[in-house]
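Below are my notes on the model, as numbered points. Please read them alongside the sequence and the coordinates.

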Amino acid sequence: QERVQSILMRAILSQRIAHAYCFWGNEGIGKDAVAIAFAKTVNCFSPVVSETSISPCGLCKSCTQMSHLQHPNLSMVFSLPTGKSGASDDDSPLLRLSDDQIAVIQEQIARKAENPYHNISIPQATQIKIASVRDVKKTIGLSQSQGGRRVVIISEADTMTTEAANAFLKTLEEPNANVTLIITTSRKDMVPQTILSRCQQIHFAPLSDIQIADALMKREGIEPQQAALISSLAQGSYSEACALLGSDTQTMRNDVVELLRAALKNSGYRLDVSHKIEDANKRYERTDIEKMLSLLLVWLRDAMTLTSSPDSHIINADQREILAKFSSVFGKRDYPAALSLVEQTIASLRQNAQVTLSLTSMLIGLRRVFAT
């Protein structure tokens with residue numbers, strides 16, 4: 001997010017930091033990560049400064065505390081589970097939770113500190129409630145008695161309850177000189193306009209496949225070929241790419257290509273396709289089948305690339321010989337029509353269409369494109 005970082009660095013250098021920001025864009029593209037980096041920068045004791053940039057030193061006590069998300073000038077707000085009854089509305093929201101729930105929260109914060117792209121996920125936590133927002137207002141008052149700038153990050157602000165949003169609006173209407181409020185959201189349309197109008201809104205663009213692949217190789221130690229394959233499926237989201245690391249993408253790709261092969265057989269294809277779809281339904285969840293179809297999209301695009309330029313770079317480099325053979329047999333077919341069929345099927349599955357029917361219809365369509 002170089003463009004966003006440049007905007008924020010200019011604001012820091014010119015001492016024109018906004019009272020409140022709304023970081024919006026797709027999930028998993030670095031909104032929280034940039035918000036944390038901003039907090040680290042404005043509180044660093046010895047920042048590295050040039051005419052056009054400023055960055056934290058990474059070595060001082062403040063930077064160390066920020067790296068562990070334990071800095072007194074940093075507050076992070078996110079959805080919490082419903083706590084035990086009987087607690088006062090003035091109590092800290094954590095006082096309402098059990099020891100086990102607090103342990104889960106601490107573990108999630110530790111993971112967020114290790115990887116700022118990690119999406120904090122706590123069982124039965126779906127809303128940011130008014131108690132969390134009231135707690136923010138209390139902590140803002142404390143920042144006036146210590147140095148630096150307090151930064152409050154409200155992650156997934158679209159999950160605030162109506163009461164929490166109204167309380168937060170009052171906080172927005174009472175600016176503090178050394179406080180910056182940052183809300184992040186992947187569903188900006190779900191955030192009240194009254195809140196958005198009081199924030200400087202900064203859009204985060206989806207990450208490029210190259211950026212995601214580079215990050216996977218540097219941060220996760222992934223081999224270039226696998227990184228390229230995963231990044232092509234991540235839809236601009238680094239957190240989605242990390243989630244895909246837990247999937248056996250090569251097995252999923254091979255299975256969906258076998259499904260295509262079965263549909264293109266000269267005879268007996270109906271029974272074979274039926275068995276393979278049934279097997280896929282048993283082995284994979286709906287979201288996994290969507291990933292499989294995304295893998296098929298990449299595979300078909302590689303086949304189309306080799307049809308026009310046999311020496312071109314392709315994502316499925318380990319399948320080059322197989323893809324070259326496929327493109328030599330089906331080289332003059334309507335690849336754009338085939339890609340459109342797969343894309344439409346993915347869209348249908350995301351709208352809860354029936355899996356067997358959707359896959360069957362797609363494969364019949366692909367057979368018409370390639371086998372006629």
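1. Of the contacts in the protein with a separation of 6 or more, 71% are between residues 24 or more positions apart; contact means heavy atoms within 4.5 Å. The model is predicted: local features need pLDDT of at least 70, side-chain atom pairs count only at pLDDT 80 or more, and totals for chains, interfaces and linings use all residues. Residues are numbered from 1 along each chain as its sequence is written, and side-chain values use heavy atoms, with hydrogens and water left out.

2. The protein has 16 helices and seven strands. Helices (H or I, at least four residues) and strands (E, at least two) are DSSP runs, numbered from the N terminus. The C-alpha trace spans about 80 × 55 × 35 Å along its principal axes. Of the 372 residues, 47% are buried, where buried means under 20% relative accessible area, exposed over 50%, and partly exposed in between (1.4 Å probe, protein chains only).

3. The largest nonpolar core contains 80 residues, and F23, L300, F326, V342, L366 and F370 have the most contacts inside it. Helix α13 (residues 286-308) supplies the largest share of this core, 11 residues. A nonpolar core is here a set of buried Ala, Val, Leu, Ile, Met, Phe, Trp, Tyr and Cys residues joined through side-chain atoms within 4.5 Å. Another core, of 24 residues, lies apart from it and includes A20, A157, A167 and L172.

4. With residues up to four places away in sequence not counted, F23 touches L8, K31, V34, A35, I182, I183, T184, T185, I202 and F204.

5. How do α13 and α14 pack? The axes of α13 and helix α14 (residues 320-330) are 9 Å apart, at an angle of about 65°. Axes are lines fitted to C-alpha atoms, for helices over the stretch in contact, and angles run from 0 to 180 degrees between N-to-C directions. The two helices, α13 and α14, are therefore roughly perpendicular to each other; angles under 35 degrees count as roughly parallel, over 145 as roughly antiparallel, 65 to 115 as roughly perpendicular and the rest as oblique. Residues W299, L300, D302, A303, L306 and T307 of α13 meet R320, I322, L323, A324, F326 and S327 of α14. By class, this contact has eight nonpolar, two polar and two charged residues. Ala, Val, Leu, Ile, Met, Phe, Trp, Tyr, Cys and Pro count as nonpolar, Asp, Glu, Lys and Arg as charged, and the others, Gly among them, as polar.

6. Helix α15 (residues 335-350) crosses α13 at roughly 170°, and their axes come within 10 Å. That makes α13 roughly antiparallel to α15. On the α13 side the contact includes L293, L297 and L300, and on the α15 side it includes L339, V342 and T345. The contact of α13 with α15 has 13 nonpolar, three polar and five charged residues.

7. T345 lies in helix α15 and, at 6% relative accessibility, counts as buried. Leaving aside neighbours within four places in sequence, T345 is in contact with L293, S358 and M362.

8. Not counting residues up to four places away in sequence, L295 touches L229, L233, T249, M252 and R253. The C-alpha atoms of L295 and V257 are separated by 8.8 Å, and the two residues are 38 residues apart along the chain.
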